[in-house]
Amino acid sequence: MKKVMFINGSPNENGCISTAMDEVISVLDQNGIESEKLWLGKKAIPDCIACHSCQETGSCIFGDEVNAVAADLDDVGAIVVGSPVYYGGPNGRLTSFLDRLFFSVPDEKFNGKFGASIVSCRRGGASAAFERLNQYFLMENMHVVASQYWNQVHGSSAADVKKDLEGLQTMRTLGRNIAWLMKAIDAGEQNGIQAPVHEAKTFTNFI
Ligand SMILES: Cc1cc2nc3c(=O)[nH]c(=O)nc-3n(C[C@H](O)[C@H](O)[C@H](O)COP(=O)(O)O)c2cc1C
């Protein structure tokens, strides 16, 4: 069974997003599925400079954690990304990281994996941030995993999130859905159900 990779874009290592992710991880643990939690830290993360060198080399020119995650993708069955809501969207730290990861890695590395986004806010903007983050998965033949509600928790601290009982339940439901789907894919592969073979991509540029 492949593992689930969590990418926490919050500058707060043990804040709201981390607390929400831990709730998902607890359910994956119960299902015997390994999780890896990556915290992006507090240092500035370069954004994509559109140099396109990755299209020649297959890796990002900045040579940082983006390439380390890319190298690990063969062992990953699901990617869960998490961001605090900043002005109604995901934070720049995470989108800078994900822009470079998704642009520099060949599509085949993402095809067929599961993806989920988690957002945290004090009060508003969660659904816009959630939708923005799901865009990464939806053009890479990844399957976005649903829950009983949009994957959001509320609060300004881990202690607040622990009181958001509906948010935490939403996280546990997400964890159960990820576990079930990963097991279903494994069972399908063992019974000869092959992943779809995709056509070479056509690009229609209106120039
Ligand atoms: C720059 C900045 C912008 C923010 N914008 C919003 C916002 O638009 N809506 C909101 O409800 N909370 C906003 N917040 C609060 C955070 O989203 C909220 O505290 C979040 O749960 C923190 O998650 P974390 O502990 O994982 O970092 C903002 C916080 C910061 C620092």
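Which residues form one aromatic cluster? Phe102, Phe110, Tyr136 and Phe137 do. The views below show a predicted model, in which local features need pLDDT of at least 70, side-chain atom pairs count only at pLDDT 80 or more, and totals for chains, interfaces and linings use all residues. Residues are numbered from 1 along each chain as its sequence is written, and side-chain values use heavy atoms, with hydrogens and water left out.

**View A. The aromatic pair Phe102 and Phe137.** Rings of Phe, Tyr and Trp (its six-membered ring) pair if their centres lie within 6.5 Å; planes under 30 degrees apart are stacked, over 60 edge-to-face, the rest tilted. The count comes to four aromatic pairs. One of them, Phe102 with Phe137, is edge-to-face, at 6.2 Å centre to centre and 65° between the planes. Phe102 lies in helix H4 and Phe137 in helix H5 (residues 126-138), so the pair ties together parts 35 residues apart in sequence. Helices (H or I, at least four residues) and strands (E, at least two) are DSSP runs, numbered from the N terminus.

**View B. The buried residues of helix H3.** Helix H3 spans residues 65-72. Its buried residues are Val66, Asn67, Val69, Ala70 and Asp72. They pack against strands S1 (3-8), S2 (35-39) and S3 (76-86), and against helix H4 (92-104).

**View C. Gly9 in its loop.** Gly9 sits between S1 and helix H1 (16-30). Gly9 counts as buried because its relative accessibility is 0%. Leaving out residues up to four places away in sequence, Gly9 touches Leu40, Gly82, Pro84, Asn91, Arg93 and Leu94 (contact: heavy atoms within 4.5 Å).

Methods: Buried means under 20% relative accessible area, exposed over 50%, partly exposed in between (1.4 Å probe, protein chains only).
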